[in-house]
Amino acid sequence: MGTLEIAYKILYSLEHKKKADYMGQLISPQKLGCGVDDWVRTLEALLDEGYIAGVTVFTDILGQRRVDVSKCRITMKGAEYLQENSTMRKFAQIASDVITIVKP
């Protein structure tokens, strides 16, 4: 699974599935079906771009990377990105369907 797909799933979950008591239940690497390293890198990228807030990434005394997503939330910039990307996905799906129909 690529970074953009992981990012989309995280943003989508934060925007549409707000009922979880703990955000880790929604956006954990296990829930998203991705590796932990890819997940951490994607969270850092989303933080760097300002698409999410409330996430803390740190290295513990044993040198292991840890992530606290208990206060994770999507920002307005993240919601805008998600909406734009959703629209593009719909257009891509329609285009794919048209190509499939026309294909001999």
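Leucine 46 is buried, with a relative accessible area of 4%. Buried means under 20% relative accessible area, exposed over 50% and partly exposed in between, with a 1.4 Å probe and protein chains only. This is a predicted model: local features need pLDDT of at least 70, side-chain atom pairs count only at pLDDT 80 or more, and totals for chains, interfaces and linings use all residues. Residues are numbered from 1 along each chain as its sequence is written, and side-chain values use heavy atoms, with hydrogens and water left out.

**The protein as a whole**

- The protein has five helices and four strands. Helices (H or I, at least four residues) and strands (E, at least two) are DSSP runs, numbered from the N terminus.
- Along the sequence, the pattern reads α-α-α-α-β-β-β-β-α.
- The protein has 104 residues, and 32% of them count as buried.

**Leucine 46 and its surroundings**

- Leucine 46 lies in helix H4, residues 36–49.
- Leaving aside neighbours within four places in sequence, leucine 46 is in contact with Ala7, Ile10, Leu11, Tyr51 and Ile52. Contact means heavy atoms within 4.5 Å.
- Isoleucine 10 is 36 residues from leucine 46 in sequence, yet their C-alpha atoms are 9.3 Å apart in space.

**Helix H4**

- The buried residues of H4 are Trp39, Val40, Thr42, Leu43 and Leu46.
- They cover an arc of only 165 degrees around the axis, so they sit on the same side of H4. The arc is that of the directions from the helix axis to the C-beta atoms.
- An α-helix has 3.6 residues a turn, so residues three or four places apart point the same way.
- Asp37 and Asp48 are exposed on the other side of H4.
- Glycine 50 follows H4 and has a positive phi, near 80 degrees.

**The largest nonpolar core**

- This core holds 21 residues; Ile10, Trp39 and Ile52 touch the most other members. A nonpolar core is a set of buried Ala, Val, Leu, Ile, Met, Phe, Trp, Tyr and Cys residues joined through side-chain atoms within 4.5 Å.
- The elements giving two or more residues to this core are helix H1 (3–16), helix H2 (24–27) and H4.
- H1 gives the most to this core, with six residues.
- Not counting residues up to four places away in sequence, isoleucine 52 touches residues including Leu43, Leu46, Cys72 and Ile74.
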